[in-house]
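Trainee: I have a model open and would like to learn how to read it. Can you walk me through it, feature by feature?

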Amino acid sequence: CTDSDEEILVRQRKRVELLDPIALCNMAFDYGYGVHGLPVDQAKCINLLRQSADLGNPDAHYSLGNFYRNGEMGIEQNKEEAAKSYQKAAEGGNIHARHNLGWGEDANGDYVSAIRHFRLSASGGLQGS
């Protein structure tokens, strides 16, 4: 049995009201990409992601890092902010963020730090790291 968009949003909004960091992150992407019948609202997406990140969700930090790195979702490209977001995500256990930190260190010529990040992401289970 599949739930309707309306049923999904009712459940998700209840979790958002309780400040569930995962629900905040999910709702952010729903607004960011116009999922479940919601209008695309990039500002609301970023606001919800920041709330989720402030509550300690490493996946929200990782997503913010991606948006900063690529200049997406209405955010101006900012490599320093991307690195800060990736660092917080990595500290929270996000292995993809750790891997991205490795590439950042590699680009900066700090190969020792790059290898350390790649090893940590590989030991966390990221293949190809």
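Trainee: Let's start with burial. What percentage of the residues in the protein is buried?

Mentor: Buried residues account for 37% of the 129 residues here. Keep in mind that this is a predicted model.

Trainee: Next, helix packing. Which two quantities describe two packed helices?

Mentor: The angle between their axes and the distance between the axes. Take helix α2 (residues 21-33) and helix α3 (residues 42-54): their axes come within 8 Å and cross at roughly 165 degrees. Angles over 145 degrees count as roughly antiparallel, and therefore α2 and α3 are roughly antiparallel to each other.

Trainee: Is the crossing of α2 and α3 left-handed or right-handed?

Mentor: Left-handed. On the α2 side, the contact is made by P21, L24, C25, M27, A28, F29, Y31 and G32, and α3 brings K44, C45, L48, L49, Q51 and S52. By class, the residues of this α2 and α3 contact divide into 10 nonpolar, three polar and one charged.

Trainee: Now the other pair I noticed: at what angle do helix α4 and helix α5 pack?

Mentor: Helix α4 (residues 58-70) and helix α5 (residues 79-91) pack at about 160 degrees, and their axes are 7 Å apart. That angle makes α4 roughly antiparallel to α5. The crossing of α4 with α5 is left-handed. From α4 the contact takes in P58, H61, Y62, L64, G65, N66, Y68 and R69, and from α5 K79, E81, A82, S85, Y86, K88 and A89.

Trainee: How many nonpolar, polar and charged residues does the contact of α4 with α5 have?

Mentor: Seven nonpolar, four polar and four charged.

Trainee: Let me zoom in on single residues. Why does Y86 count as buried?

Mentor: For burial, you compare relative accessibility with a cut-off, and under 20% means buried. Y86 has 4% relative accessibility, so it counts as buried. Y86 sits in helix α5. Leaving out residues up to four places away in sequence, Y86 touches Y62, G65, N66, R69, A97, N100 and L101. One of these, R69, also makes a side-chain to side-chain polar contact with Y86, at 3.1 Å.

Trainee: Let's do one more residue. Where is Q12 found, and why does Q12 count as buried?

Mentor: Q12 belongs to helix α1 (residues 5-17). Its relative accessibility is 9%, so Q12 counts as buried.

Trainee: Which residues does Q12 touch, and with which side chain does it make a polar contact?

Mentor: Not counting residues up to four places away in sequence, Q12 touches A23, N26, M27 and D30. The polar contact joins the side chains of Q12 and D30, at 2.6 Å.

Conventions. Residues numbered from 1 in each chain as written. Predicted model: local features only at pLDDT ≥ 70, side-chain atom pairs only at ≥ 80, totals over all residues. Heavy atoms only, no water. Axes fitted to C-alpha atoms, helices over the stretch in contact; angles between N-to-C directions. Helix = DSSP H or I, 4+ residues; strand = E, 2+ residues; numbered from the N terminus. Parallel < 35°, antiparallel > 145°, perpendicular 65-115°, else oblique. Left-handed = near helix turned anticlockwise from the far one by under 90°. Contact = heavy atoms within 4.5 Å. Nonpolar A, V, L, I, M, F, W, Y, C, P; charged D, E, K, R; others polar. Buried < 20%, exposed > 50% of the residue type's maximum accessible area, 1.4 Å probe, protein only. Polar contact = N/O pair within 3.5 Å; in protein donor to acceptor, adjacent residues only side chain to side chain.
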